[in-house]
Amino acid sequence: MQLFTDAPARLLPPLPPDALAGPAPRTYRADSFAPAVDDRTLEVFRRARNPDDPLELRDLWLGRVEHEMGCHGNRPWLADRWRQGAPLRDVTAEEVLSSGVTVSLIHELHHCFFHEELTDDSPSGPQPSLIPDSVTACAAELPQTVRDCLSYALRRDWYGYSDSCGRIPAREALAAFENQRVEGACYTSGNLALTMGGAFAISGLADLILSGRPASAAPALCAIPNQPAPVAAVARRGTVRLVPLTCTDGIMSIGPLIAALTPNTPLVLLPTAAGTTGARIPEPELADLIRQSASTTAILLDESHEWLGETTPLCSARSASNVIRICGNPHIWQPQAVESGWIVADRAFIADYYEYASTSFGGPPSLLYTAIEVTARMERWLISGTDRIGPAEAAEFEPGYRLCRTPLQRAYDRYRLERHSRQTTLMALRDATAHHLSHMAAVTRPRCSVNLLLTTRRCDDSYRLATELLRKTGVATYPGILDFCFAGGTLRITTAKQRTHLATALSRLRPVLERGPSDPAPADRHRTNPGKENP
């Protein structure tokens with residue numbers, strides 16, 4: 001059975017630009033952003049009868065939101081709980097950042113927002129969503145070349161058991177691809193293990209590295225802003241310290257993370273590009289962090305958001321023996337369609353991971369191996385500037401595929417065309433959306449990802465802001481607090497949506513966001529105790 005027998009002789013034309021109407025300059029107001037712990041966060045911890053109970057902390061946070069929303073609130077009993085409370089202790093920002101309950105609080109708020117605020121019982125039907133979901137259409141689709149690989153695997157009945165680290169040809173293709181990306185790297189298949197996505201990989205790695213450590217051990221360091229799932233995965237296995245990183249002009253400085261390192265630090269979780277802001281870490285700073293870390297400190301680099309934007313050569317320090325890189329398929333198309341990824345690490349660590357995977361969950365779905373292998377080879381050809389498929393490129397595939405150069409060339413041409421077209425579309429959508437949002441709020445300039453972070457002075461609580469917008473406009477946005485952005489009215493906006501969907505959502509948001517600060521709660525609700533202002 002031959003792969004790519006159905007590759008079309010005629011290529012599809014490039015997809016038309018799917019940007020918002022009107023000018024979309026790349027220059028817009030781009031303020032600095034730091035996920036600092038503000039006094040509103042501290043006040044929640046001060047009022048808790050049991051500051052180690054994440055459910056009580058969650059209810060206090062939600063109670064203040066309901067209190068401040070006044071007649072627009074839906075849970076008056078929580079508002080009453082807030083009004084009846086009072087500060088019981090002093091709490092510092094460092095205590096909040098070093099407490100495992102903080103991670104649990106964010107997890108509980110995340111669960112509440114998605115399972116209580118975002119409901120599907122609206123009488124008017126589906127509402128515009130500016131967060132990733134499975135209902136609203138994405139502006140990118142799975143390339144036909146990848147679809148062909150999945151269909152081929154199904155026809156060959158390739159969905160049985162496999163090696164716990166993945167099929168060797170796929171790992172070899174990924175090793176060659178990573179050698180093309182990282183300066184001076186000499187990876188082989190022994191440095192690679194296939195996984196079922198980034199969050200899954202981080203959970204397993206945290207379990208492998210941290211399980212069995214004493215409770216008194218030094219904390220793992222987790223950079224923020226960050227998405228809640230990977231941080232929670234690390235926090236479940238031991239103590240953590242959250243390290244806020246400032247983003248300025250699309251650059252995320254990791255100086256505070258370097259300063260927090262000690263010889264006893266067991267693990268560092270660091271997104272090389274923040275999914276919240278799209279900001280990248282400068283390669284010299286990353287190399288400095290790796291050089292200053294102890295050989296026993298595992299540096300987990302989450303590279304899943306290093307796409308859709310500026311590309312720079314990856315420093316050779318990424319291939320150090322204590323670095324574990326978590327990578328994923330190019331997200332130019334919908335990542336949910338092919339939930340897979342890989343880790344790159346020292347051969348000895350991969351051998352340990354093999355034993356762990358074999359006794360914990362087995363291997364990833366073998367149905368995906370052909371798609372991963374083909375994608376890795378074509379991505380490497382793109383980086384190296386390959387235009388024409390020659391005997392050497394065709395020989396990279398095992399004889400069982402029975403690949404001929406002509407259909408392989410057609411498949412590669414189509415992949416390259418679709419990838420470029422979708423990247424152009426997604427970047428145009430992102431830049432146009434940022435331009436439109438800059439008239440409503442401060443936008444943190446992204447260098448990667450399809451996400452934007454905007455900050456408005458309309459409200460100083462992101463959960464309240466997102467809830468108000470949802471109830472008043474029907475538009476779903478992602479509150480910054482769920483990504484450990486503790487201070488201010490921050491929202492994460494996903495721009496990988498269809499043009500009409502984005503235009504509808506922005507038109508609804510504009511009159512509310514441009515109105516200025518939120519109307520305060522009724523005067524008689526501003527005070528929780530006589531003579532003391534509610535924060």
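S449 counts as buried, at 1% relative accessibility, where buried means under 20% relative accessible area, exposed over 50% and partly exposed in between (1.4 Å probe, protein chains only). This serine has a positive phi of about 70° although it is not a glycine. S449 lies in the loop between β10 (442–444) and β11 (451–456); helices (H or I, at least four residues) and strands (E, at least two) are DSSP runs, numbered from the N terminus.

The model is predicted: local features need pLDDT of at least 70 and side-chain atom pairs count only at pLDDT 80 or more, while totals for chains, interfaces and linings use all residues. Residues are numbered from 1 along each chain as its sequence is written, and side-chain values use heavy atoms, with hydrogens and water left out.

R402 also has a positive phi, of about 50°, although it is not a glycine. The loop that holds R402 runs between α14 (391–394) and α15 (405–437). In contrast to the buried S449, R402 is exposed, with a relative accessible area of 53%.

A further backbone feature is the cis peptide bond that joins I224 and P225, with omega of about 10°. P225 is placed in the loop between β2 (220–224) and α9 (228–235).

Strand β2 leads on to β6, with which it pairs in the parallel sense over two bridges; two strands pair if DSSP finds at least two bridges between them. Here V268 in β6 is the bridge partner of L221. Strand β6 (residues 267–271) is mostly covered, five of its five residues being buried. In a regular strand the side chains alternate between the two faces of the sheet. In β6 both faces are covered, with L267, L269 and P271 buried on one side and V268 and L270 buried on the other.

Strand β7 (residues 298–302) runs parallel to β6 and is joined to it by five bridges. Within this pairing, L269 stands opposite L300 in β7. Together with helix α11 (residues 283–292), β6 and β7 make a right-handed β-α-β unit; right-handed means that, with the strands pointing away from the viewer, the path from the first strand over the helix to the second runs clockwise.

The protein chain as a whole contains 17 helices and 15 strands. Of its 535 residues, 56% count as buried. Among contacts (heavy atoms within 4.5 Å) with a separation of 6 or more, residues 24 or more positions apart account for 77%.
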